[in-house]
Each structure stands twice: as C-alpha cells, then as structure tokens.
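Here is a short walk through one chain, from its overall layout to a few side-chain pairs. Have the model open as you read.

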Amino acid sequence: MKIDDCIRTPRWRGRPPLLTDSELVCLAVAQVLLGARSEAHWIRYARIHLAGMFPYLPQRPGYNKRLRAALPL
C-alpha cells in the first residue's frame, strides 16, 4: 500500500500494462528481500508461490526490460 501511495502517476500511454508499476516495484523489493540468486530463479519462484497475488508475471526478458525502465521510480 505504501508503494501504491508513492507511485501515483501512470507512465504509460495507450493500453495500460498488465503489470502495473507498483506491482513491478513490489516484485523487485520482494526479490531483494528474499535473496533470489538471479532474475530467472526469481521469476520461477514468483510463478509458483506468488501467482495468486500477481495475476500476470512477465517472462524474464520482459521483467528485466520493465525493471530497467522503472529505475527512476
């Protein structure tokens, strides 16, 4: 909820992304806190254990691309 409050404005024009910026930041924070060895390992873990919380999880290249684009957040 704190992340949703801090990230207010959408950065996208056109069709909204399936994974919002706040969800992406939540995934990145969880990745660091849970100590994932790599992004590939993290995406596999998230698909198995976090699928109920995040209805859409991108593949590793898409996750990496969105994560790098969200660095200013």
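The report below covers the fold, the nonpolar core and the salt bridges.

This is a predicted model, in which local features need pLDDT of at least 70, side-chain atom pairs count only at pLDDT 80 or more, and totals for chains, interfaces and linings use all residues. Residues are numbered from 1 along each chain as its sequence is written, and side-chain values use heavy atoms, with hydrogens and water left out.

**Fold and surface**

Let's begin with the layout. The chain has four helices and zero strands, giving the pattern α-α-α-α along the sequence. Helices (H or I, at least four residues) and strands (E, at least two) are DSSP runs, numbered from the N terminus.

Of the 73 residues, 27% are buried; buried means under 20% relative accessible area, exposed over 50%, and partly exposed in between, with a 1.4 Å probe and protein chains only.

Contacts (heavy atoms within 4.5 Å) tell us how the chain comes together. Taking those between residues at least 6 apart in sequence, 51% join residues at least 24 apart.

**The nonpolar core**

A nonpolar core is a set of buried Ala, Val, Leu, Ile, Met, Phe, Trp, Tyr and Cys residues joined through side-chain atoms within 4.5 Å. The largest one here has 13 residues, and L24, L27, W42, L50, F54 and Y63 have the most contacts inside it. At least two residues of this core come from each of α2 (21–33), α3 (39–49) and α4 (60–69).

Beyond its neighbours within four places in sequence, L24 touches L19, Y63, R66, L67 and A70.

**Salt bridges**

Side chains of opposite charge can pair when their charged atoms come close. A salt bridge here is a side-chain nitrogen of Lys or Arg within 4 Å of a carboxyl oxygen of Asp or Glu. The structure holds two of them:

| Pair | N to O distance |
|---|---|
| R66 and D21 | 3.0 Å |
| R68 and E39 | 3.3 Å |

R66 sits in helix α4 and D21 in helix α2, 45 residues apart. Both R66 and D21 are buried.

R68 lies in helix α4 and E39 in helix α3, so their pair ties together parts that are 29 residues apart in sequence. R68 is partly exposed, at 45% relative accessible area, while E39 counts as buried at 14% relative accessibility.
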